[in-house]
Amino acid sequence: MMRCREVEDIAELNIKDRWRLYNYWGEQRFKYLQSENRNLVRDYTEKCKMLANLRQLEDGDTLEKADVIGMTTSGAAKYQHILHHIKPKIVIVEEAAEVLEAHIVSALSAGTQHLILIGDHKQLRPKPNEHVLATKYNLSISLFERLVRKQMSQATLEIQHRMRPEIAQLVCPHVYEKLLNHESVQKYPDIRGISKNMFFVHHSEPESEHPGLLSYQNEFEANYIVGLCAHLLRLGYSRSQITILTPYVGQLLMIRNKMPKSEFNGVHVTAIDNFQGEENDIIVFSMVRSTNPNSNRTTIGFVKEDNRVCVSLSRAKHGFYAIGNFELIRHQSRLWESIISDVESRECYGNSLPLYCCNHPETKYSAQTGSDFEARAPNGGKSHAKMWSYSEDEMLI
């Protein structure tokens, strides 16, 4: 270092010493810039903290003046310090039965005097990111459900404003002990071109595993649902009135692939877990699971979970149509057995969906496969019966 300071004329140095001097200068320059950068970063961090504190004070001042504060559970956790400062006396949690207990606790403060939980523990539960947390440590049980199990004081809403009575019977008394129908649901129009507003179509076509996904699909059901959906559109229903539900992502992808956007854009195809709290006029439900007789696997997976059964059967307002291997499913679940037995007793169960001609209601026929809708009901069943090349016996299959 002393030699570097003693250098008066670089031209007098040999090449080797010049490089040594150059590297020394570069190293010193780097250390200087590194020190300056640390100082700038430290200053920037302090300024950011000051800005964040000012924004928090501004948010806190604004929220203190509000009568009602709305937050997601994630937002409540993020701004927990503000809640602890404001100390809201009353905390209301919507869809509380689907919220992790820790998320609700994070929204409480020392000032909380009244906690109101609104939800339905018979529908979807919370979903921890790690499956073992749900199975081993019961994190899938919400605070709401735990308090209900402990007989905590509760009030139950018993009047439903969504489902027509025959659809409401799918969940009452099988899921809910008591459920009353509001007078508005008594006035719903019947589904056009279909003899039943609610029907379960049984089949025994096998499922398959989706390539690349740990999921299942059933091509027979996918074809049937696409045919039924096209039939409903031909009958004059709008795309936004129809929702297709399925418990498996594999089936969801298969159905979407079979529905060109030019014809079906606007028809909502989604998984059950993403449709809680939603509703639509017509729900078409694909069960998917149908074990191959040659397979050793006989389980139906989470299709038999009571919470998912409740959600899937309670989304429809005007019409509900389910397709699946119900003989297999009913032997795997007591709840499904009671529901299917009830549906059978109401003559809303069979191997084919009963249809009729809108212009000639006395002309009846049915659809056992997806292709039957177009073949036996051209233009949504609005054509004259004489135009069809089917015998009367074929129409009644």
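The largest pocket of this predicted model is lined by 36 residues, and those that lie nearest its centre are Gly119, Asp120, Phe144, Thr156 and Leu157. The elements that give two or more residues to this lining are strand 2 (114-118), helix 7 (143-149) and strand 3 (159-160), and it is strand 2 that supplies the largest share, 4 residues. Sorted by class, the lining consists of 15 nonpolar, 11 polar and 10 charged residues, and the space within the largest pocket comes to about 1300 Å³.

A UniProt record, an unreviewed entry, places the feature "domain: DNA2/NAM7 helicase helicase" at residues 33-126.

**Aromatic pairs and charges over rings**

A pair of aromatic rings is described by the distance of the centres and the angle of the planes. The structure holds 10 aromatic pairs, among them a tilted pair formed by Phe200 and Phe320, with 6.0 Å from centre to centre and 55 degrees between the planes. This pair links distant parts of the chain, since Phe200 belongs to strand 5 (residues 198-202) and Phe320 to strand 11 (residues 316-324), 120 residues apart. Is Phe200 buried or exposed? Phe200 counts as buried because its relative accessibility is 0%, and Phe320, at 0% relative accessibility, likewise counts as buried.

Another aromatic pair, formed by Tyr216 and Tyr248, is edge-to-face, with 5.5 Å between the centres and 85 degrees between the planes. Here too the pair links distant parts of the chain: Tyr216 is in strand 7 (residues 216-217), whereas Tyr248 is in the loop between strand 8 (242-246) and helix 10 (249-257), 32 residues apart. Tyr216 is buried, with a relative accessible area of 17%, which falls under the 20% limit for that class, and Tyr248 counts as buried at 6% relative accessibility.

Ring pairs also join Phe200 and Phe320 with Phe285, Phe326, Trp336 and Tyr349 into a cluster. Two arginines sit over aromatic rings, as the table sets out.

| Arginine | Ring | Distance to ring centre |
|---|---|---|
| Arg192 | Tyr237 | 4.0 Å |
| Arg308 | Phe302 | 4.3 Å |

**Backbone details in loops**

Cys172 and Pro173 are joined by a cis peptide bond, for which omega is about 15 degrees, and Pro173 has its place in the loop between helix 8 (165-168) and strand 4 (180-181).

Val288 is a residue other than glycine with a positive phi, near 75 degrees, and it lies in the loop between strand 10 (280-286) and helix 12 (306-313). Glu347 also has a positive phi in a residue other than glycine, near 60 degrees, and is placed in the loop between helix 14 (334-345) and strand 12 (349-350). Val288 counts as buried because its relative accessibility is 0%, whereas Glu347 counts as exposed because its relative accessibility is 60%.

Ser371, found in the loop between strand 14 (364-367) and helix 15 (372-376), is exposed, with a relative accessible area of 52%. Although Ser371 and Asn223 are 148 residues apart in sequence, their C-alpha atoms are 7.7 Å apart in space.

Methods. Residues numbered from 1 in each chain as written. Predicted model: local features only at pLDDT ≥ 70, side-chain atom pairs only at ≥ 80, totals over all residues. Heavy atoms only, no water. Phe/Tyr/Trp six-rings, centres within 6.5 Å; stacked < 30°, edge-to-face > 60°. Buried < 20%, exposed > 50% of the residue type's maximum accessible area, 1.4 Å probe, protein only. Lys NZ or Arg CZ within 6 Å of the ring centre and 35° of its normal. UniProt positions renumbered as here; feature names shortened; annotations may be inferred. 1 Å grid on protein atoms, 1.4 Å probe; cavity = no way out; pocket = protein on both sides within 12 Å on 5 of 7 lines; lining within 4 Å. Points joined across faces, edges and corners; volume = space filled by probe spheres on them. Nonpolar A, V, L, I, M, F, W, Y, C, P; charged D, E, K, R; others polar.
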